[in-house]
Amino acid sequence: MTDTDVLIVGAGPTGLALAAALQARDVDTVVVDRLAEGANTSRAAVVNARTLEVLEELKVSERLVELGIQAPRFTIRDGHKTLIPVDFRALPTRYPYSLMVPQCTTERVLLDRLAELGGKVIRPKTLTGVTQDAHGVTAQFDDGETIRARYLIGADGMHSVVREQAGIGFSGGQYGQSFALADVRLAGDVTADEVILFWAATGLTVVAPLPGGTYRIVAPVDAAPEEPSAAFVQELLDTRAFGPGRVTVTDVEWGSRFRVHHRVADSYRAGRVLLAGDAAHVHSPAGGQGMNLGIQDAIALSESLATVLATGRDAVLDDYSAARRPLAQQVVALTDRLTRLATLPAPVRPIRNLAIGLVGRIPAVRNQLAWRLSGLSNR
């Protein structure tokens with residue numbers, strides 16, 4: 001006897017997208033999460049074109065577009081000098097831009113859609129053990145309850161209990177530098193329709209617009225403060241980005257520090273247990289691919305699970321792993337190159353920028369970057 005067809009552990013963007021997609025396909029689904037309520041910080045801040053395309057079937061893309069800011073341009077700069085301009089407006093998609101929207105908003109939209117489809121998240125509920133047999137999976141929880149499902153999905157993040165319980169390796173490593181992250185208000189010479197990656201000799205800084213007049217700042221720092229102050233962010237922008245006196249930090253709404261791992265699960269499947277999102281892959285935030293790749297995992301996995309449950313063709317789940325894992329490896333390789341280039345030793349950074357400026361003049365390079373950053377290369 002089973003309690004549900006699919007049990008999803010984790011109610012972040014990946015878990016919510018998967019749950020809603022399964023509910024839309026009339027697949028009986030239970031979602032649990034260890035947190036008492038969803039996170040209310042912005043964290044991931046970009047939804048790319050391919051993600052908006054795959055979310056159309058859930059009827060949430062228009063809602064997200066209404067709540068976000070469209071940034072049709074991405075530029076790599078050294079101060080005022082543009083090294084590589086990337087324009088998404090010529091891409092063959094209904095969404096020729098990066099949609100800047102806080103992760104908490106994306107989660108809220110997905111949660112609302114899940115509720116409309118008859119689903120909900122059970123929380124707080126922490127997974128403690130997993131056993132599986134030929135017919136299903138039994139999940140044990142901290143409250144003593146067990147849930148029996150035909151399939152168990154780990155969408156529970158980088159420190160996935162599902163992945164550990166399934167015995168799936170998570171190969172990779174961690175970058176040495178920490179990263180500072182802050183959502184701030186700015187005054188001065190800054191645009192609201194462009195994501196800028198500054199590659200200065202003093203270090204990298206990302207400046208990206210968010211709804212409500214705020215900006216996301218991300219920068220690798222040897223010892224990032226736990227809560228970046230306005231003075232700290234101001235120094236980053238003065239020394240690495242716009243230059244002194246061009247832009248003023250008027251307020252810090254939220255900030256944190258984090259370390260970046262680059263890892264891919266050795267397999268996305270162990271019997272009736274499958275992985276998606278950060279449980280399956282983590283990498284540098286360079287290029288804004290993390291949440292997008294996870295949501296795309298979810299939609300692909302929903303199709304595979306619905307097919308298996310309708311037809312019994314279990315090999316379809318191997319196809320999911322075979323299709324999605326190489327995409328994660330490609331993203332990890334791309335973001336690793338970007339991160340290592342950005343964190344080269346200071347003496348060689350001017351040479352790096354000269355080379356990037358020359359490469360940036362090649363239209364094919366700019367076009368390839370547009371396809372990769374928009375996620376359209378994953379079609």
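1. Helix α1 (residues 13-24) packs against helix α7 (residues 290-311) at an angle of about 30°, and their axes lie 8 Å apart. The two are therefore roughly parallel, a term for angles under 35 degrees. Axes are lines fitted to C-alpha atoms, for helices over the stretch in contact, with angles from 0 to 180 degrees between N-to-C directions. Helices are DSSP runs (H or I, at least four residues), numbered from the N terminus.

2. This is a predicted model, in which local features need pLDDT of at least 70, side-chain atom pairs count only at pLDDT 80 or more, and totals for chains, interfaces and linings use all residues. Residues are numbered from 1 along each chain as its sequence is written, and side-chain values use heavy atoms, with hydrogens and water left out.

3. The crossing of α1 and α7 is right-handed, meaning that the near helix is turned clockwise from the far one by less than a right angle. Contacts (heavy atoms within 4.5 Å) involve P13, T14, A17, L18, A21 and L22 of α1, and residues of α7 including M291, I295, I299 and L305. By class, this contact comprises 11 nonpolar, 3 polar and no charged residues.

4. Helix α1 also packs with helix α4 (residues 103-116), at an angle of about 20° and with axes 9 Å apart. These helices are therefore roughly parallel, and their crossing is left-handed.

5. On the α4 side, Q103, E107, L110, L111 and L114 meet P13, L16, A17, A19, A20 and Q23 of α1. The contact of α1 with α4 has 8 nonpolar, 2 polar and 1 charged residues.

Notes. Parallel < 35°, antiparallel > 145°, perpendicular 65-115°, else oblique. Nonpolar A, V, L, I, M, F, W, Y, C, P; charged D, E, K, R; others polar.
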